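Here is a brisk report on one protein chain. The sequence and structure come first, followed by the details.

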Amino acid sequence: MTDLQMTVGIAFLLVMMFAMGCEAELPEMISQVRKYRLAVSALLANLVLVPLLGIAVVALFHLKGDYADALLILAVAPGAPFSANFTSKATGAINVAASLLFVLLLTSVVFTPLAANLLLPGTAAVSLHYARAIAAIALVLVLPFALGQVFKKNTGHLATLVSRAATVLALVIFVSFMVLSAAAGKQARTAIGGETVLAILAFAAGAMLIGWLAGGPERPDRQVMAIGTGMRNVAVASALVRSLGSQAGQQVIVAFFSVVVPLSLLLTIAETVRSKRRALSAAVSYTHLRAHETPEHLVCRLLLEKKK
């Protein structure tokens, strides 16, 4: 990743987390974490089922060496910061998105290095600079979110308008980041070959499916869980792969990101369109209901015209 890409990526996270902070309700976030079913489902999906999926994909596609190592590291790296760009769009699920993001992010700092060293074959061993990772989470994610919360508490309804503006700005920055990353993604996919790209696609789609099924009965929660589970923590994964000195493994990380983002975008668009259609349908039904509140002769005329 170039210095420009890193700068743009950090700028996106700062703006996006501030926007989430302006909108999220901290008591509701805490309540979401305390919900036994949702918390356990998220941890089960990310810490057990997705790692098992990674092992299965590596075996099924006969991945070897650095390619297998990188995919296994991705499989044990939950908590994708960039998922906030998509999960925050889920209707009425901002508190679920924010709470799960922080829980999985903090979990990844402890869980990912330990699990990776257990899964990696041979003498390969990864290491993570814990102080640097925690400082990055605090400064790039927690701090702007906290500032958003303070701004919301002191400005009231103005925070909603600022949150919408910040969300639009974050989207523009994210698109810029993806444009800057497009060439690197294409180069990485070419370098690792079609079979490995297919393995990455299967892993990304499978992880999103696991998240969707673990999200419970509410579709917004399913959307949040699917994207949050599917995207993985590429920052932590990249740091661990870098500790192995594997250039080929870094190509797998870049290729994965270039694959999972379009999948997340497609799911976000599909759920947004579905939500708007349902809202329109509800509005039409309400209009029909109000017709029966009009004077009696108008209701009778409507019924007669319907019979004709």
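Pro144 is buried, with a relative accessible area of 6%. Buried means under 20% relative accessible area, exposed means over 50%, and partly exposed lies in between (1.4 Å probe, protein chains only). Pro144 is found in helix α7. Helices here are DSSP runs of H or I with at least four residues, strands are runs of E with at least two, and both are numbered from the N terminus. In space, the C-alpha atoms of Pro144 and Leu14 are 5.9 Å apart, although 130 residues separate the two in sequence. Leaving aside neighbours within four places in sequence, Pro144 is in contact with Leu14, Met17, Phe18 and Leu139. Contact means heavy atoms within 4.5 Å.

This is a predicted model, in which local features need pLDDT of at least 70 and side-chain atom pairs count only at pLDDT 80 or more, while totals for chains, interfaces and linings use all residues. Residues are numbered from 1 along each chain as its sequence is written, and side-chain values use heavy atoms, with hydrogens and water left out.

**Overall build**

The protein has 13 helices and 0 strands. From the N terminus on, the elements run α-α-α-α-α-α-α-α-α-α-α-α-α. Of its 308 residues, 46% count as buried. Take the contacts between residues at least 6 apart in sequence: 83% of them join residues at least 24 apart. The accessible surface comes to about 15,800 Å², and 69% of that belongs to carbon and sulfur atoms. Accessible areas come from the Shrake-Rupley method with a 1.4 Å probe; for residues, only the protein chains shown count as cover.

**The core**

Which residues touch the most other members of the largest nonpolar core? They are Met20, Phe203 and Met231, in a core of 88 residues. Helix α6 (residues 94–119) gives the most to this core, with 11 residues. A nonpolar core is a set of buried Ala, Val, Leu, Ile, Met, Phe, Trp, Tyr and Cys residues joined through side-chain atoms within 4.5 Å. Not counting residues up to four places away in sequence, Met231 touches Ala80, Phe82, Ser83, Phe86, Phe256, Phe257, Val260, Val261 and Ser264.

**Aromatic pairs**

The count comes to 9 aromatic pairs. Rings of Phe, Tyr and Trp (its six-membered ring) pair if their centres lie within 6.5 Å; planes under 30 degrees apart count as stacked, over 60 as edge-to-face and the rest as tilted. Phe82 and Phe174 form a tilted pair, 6.2 Å centre to centre, with 50° between the planes. This pair links distant parts of the chain, 92 residues apart: Phe82 sits in the loop between α4 (65–75) and α5 (84–87), Phe174 in helix α8 (residues 158–192). Phe82 is buried at 12% relative accessible area. Phe174 is buried at 5%.

Phe102 and Phe145 form an edge-to-face pair, 5.2 Å centre to centre, with 75° between the planes. Here Phe102 lies in helix α6 and Phe145 in helix α7 (residues 130–155), so distant parts of the chain are linked across 43 residues. Both Phe102 and Phe145 are buried. One aromatic cluster is formed by Phe12, Phe82, Phe174, Phe177 and Phe257.

**Salt bridges**

Side chains of opposite charge can pair when their charged atoms come close. The count here is 2 salt bridges. A salt bridge is a side-chain nitrogen of Lys or Arg within 4 Å of a carboxyl oxygen of Asp or Glu.

| Salt bridge | N to O distance |
|---|---|
| Lys152 and Glu25 | 2.6 Å |
| Arg219 and Glu271 | 2.7 Å |

Lys152 lies in helix α7 and Glu25 in the loop between α1 (3–23) and α2 (26–34), so the pair ties together parts 127 residues apart in sequence. Lys152 is buried at 19% relative accessible area, whereas Glu25 is partly exposed at 40%. The pair of Arg219 and Glu271 links helix α10 (residues 219–231) with helix α12 (residues 247–291), 52 residues apart. Arg219 is partly exposed at 29%. Glu271 is buried at 9%.

**A surface patch**

Tyr36, Val40, Leu44, Val48, Leu49, Leu52 and Ile55 form a nonpolar patch on the surface, with about 640 Å² of accessible area together. Patches are made of residues with over 30% relative accessible area and no salt bridge; like charges are joined within 9 Å, nonpolar side chains (Val, Leu, Ile, Met, Phe, Trp, Tyr) within 5 Å. Leu49 is placed in helix α3 (residues 36–60). Leu49 counts as partly exposed, at 36% relative accessibility.
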